[in-house]
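Here is a short briefing on one structure.

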Amino acid sequence: MLRQVKPRNARSKRALEKREPKAIENPKQCLFLRGTSCSQVVQDALNDLYSLRLPLAKKFTKKNAIHPFEDAGSLEFFSEKNDASLLVFGSSQKKRPHAMTFIRTFGYKILDMLELYLDAETFRTMAQFKNKKFAVGLRPMLLFAGTAFESPVTNEFTLAKSMLVDFFKGEPSDKIDVEGLQYIISVTAEDISGDGDAKPAIHLRAYMINTKRSGQKLPRVEVEEIGPRMDFRVGRVKEADESMLKDAMKKARGLEERPKKNIVTDSMGDKIGRVHLGRQDLSELQLRKMKALKRSRNVQEDSVEDVIAEDVKRAKH
C-alpha cells in the first residue's frame, strides 16, 4: 500500500491536487507492462499500441511477476503509483499464448478486465508497412462493424468495444479540426455460420486517410493500411461490479443541461418543440374571402325561403 504523503512545498501540493477527483477528469493515462514470460510477438504488439496511444502512455520494459486474474494487487499499485486508469498487460504461456489483457481501474481499483489472444501468423507491425504515418497526438476515427458489438445484452464483445473506445479516444475536446482526422481504426467482428460454439474473431486494422482531387467540390477519399494488423480471440473476462460501475458512471452536477419540457432533439440535431393549446372554436375562425368560399345562388335562395317560413310560423302563433 502507498503511504499518504503530505505536501511539503507548492510543487508537491500541485501534484496531489492534480490527482484529486474533479468534475471534468484528466485524460486517461495508459500503462503498458509485460509478464515474466512474454513472446516477441506480444512485445511488438505492445510497442505498436504504445505508439498509437502516445502521448498519454507509459511503458515498462522490465519483467513483472503479475497474474491479473489471480492477484491484481500489483496492478493496483502500479495504477496508483503512475496515476494510470488504463493498463495493458502482455504475457505468453503454453496454455494461453500471445495474451494481451486490457484493464480498467476506478479509484485505483480494478474495475474490469478483458483478455485477448493475438494471432501470431496474421500479425503485422507498423514497421512492415512502408508508407507515411500520422503525427503523434492525433485522435483517430473509430469504426466498429459487426452485429456482435451491437448486442443488447452485455457480453465480451460489448466489453471489447467499450475497452477499445476508452483506449483510442484520447483527450476529450469539444471542437475538432478536420485536418486532424488523418487516420481511422477499424474493428470488425465477423459472424460465424454453423452450429459450432466458436466465437467470432476480432480484426483490428488502421488506415491512413488520403484526399485527392476529384474535379468537384468534395475530394476523393482513399484509405491506405498503415498497421498494425491484429486478429484477436476473446479469452477470459472479469466484469465490473454493479456498485463500482454505478459509482464510475456518475456525473458531476451542473455539467449537463436540465431537460426542458416538451423540447426534444432529433437524430439530426434539430430542436423540436411541442405547444399545447386549448380547444379551438373553428366557427369563429376568420377565413380569407375567396370566390370559392362564397355561397352559390341556390344556397342563398334556400336560406331566404327558410327565413320566410319561420316568420309565417311566428305570425300564426
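A cavity is a set of points, on a 1 Å grid over the protein atoms alone, where a 1.4 Å probe fits but cannot get out. Grid points are joined across faces, edges and corners, and a volume is the space filled by probe spheres set on the points. This is a predicted model: local features need pLDDT of at least 70, side-chain atom pairs count only at pLDDT 80 or more, and totals for chains, interfaces and linings use all residues. Residues are numbered from 1 along each chain as its sequence is written, and side-chain values use heavy atoms, with hydrogens and water left out.

**Cavity**
- The search of the whole structure finds one cavity of 30 Å³ or more.
- The largest cavity holds about 50 Å³ of space.
- Its lining (residues with an atom within 4 Å of a point) consists of Cys30, Leu86, Leu87, Val88, Phe102, Ile103, Arg104, Met163 and Phe167.
- Strand 3 (86-91), strand 4 (99-106) and helix 4 (156-168) each give two or more residues to this lining. Helices (H or I, at least four residues) and strands (E, at least two) are DSSP runs, numbered from the N terminus.
- By class, the lining has eight nonpolar residues, no polar ones and one charged. Ala, Val, Leu, Ile, Met, Phe, Trp, Tyr, Cys and Pro count as nonpolar, Asp, Glu, Lys and Arg as charged, and the others, Gly among them, as polar.

**Helix 2 against helix 4**
- The axes of helix 2 (residues 40-53) and helix 4 come within 9 Å and cross at roughly 60°. Axes are lines fitted to C-alpha atoms, for helices over the stretch in contact, and angles run from 0 to 180 degrees between N-to-C directions.
- Helix 2 is therefore oblique to helix 4. Under 35 degrees is roughly parallel, over 145 roughly antiparallel, 65 to 115 roughly perpendicular, and the rest oblique.
- Leu49, Leu52 and Arg53 of helix 2 meet Asp166, Phe167 and Phe168 of helix 4, where contact means heavy atoms within 4.5 Å.
- This contact has four nonpolar, no polar and two charged residues.

**Aromatic pairs**
- Rings of Phe, Tyr and Trp (its six-membered ring) pair if their centres lie within 6.5 Å; planes under 30 degrees apart count as stacked, over 60 as edge-to-face and the rest as tilted.
- The count comes to nine aromatic pairs.
- Phe32 and Phe167 have ring centres 6.1 Å apart and planes at 85°, so the pair is edge-to-face.
- Phe32 lies in strand 1 (residues 30-35) and Phe167 in helix 4, so the pair ties together parts 135 residues apart in sequence.

**Backbone**
- The peptide bond from Leu54 to Pro55 is cis, with omega near 5°. Pro55 is in the loop between helix 2 and strand 2 (57-64).
- The peptide bond from Gly227 to Pro228 is cis, with omega near 0°.
- His98 is not a glycine, yet has a positive phi of about 55°.

Methods:
1 Å grid on protein atoms, 1.4 Å probe; cavity = no way out; pocket = protein on both sides within 12 Å on 5 of 7 lines; lining within 4 Å.
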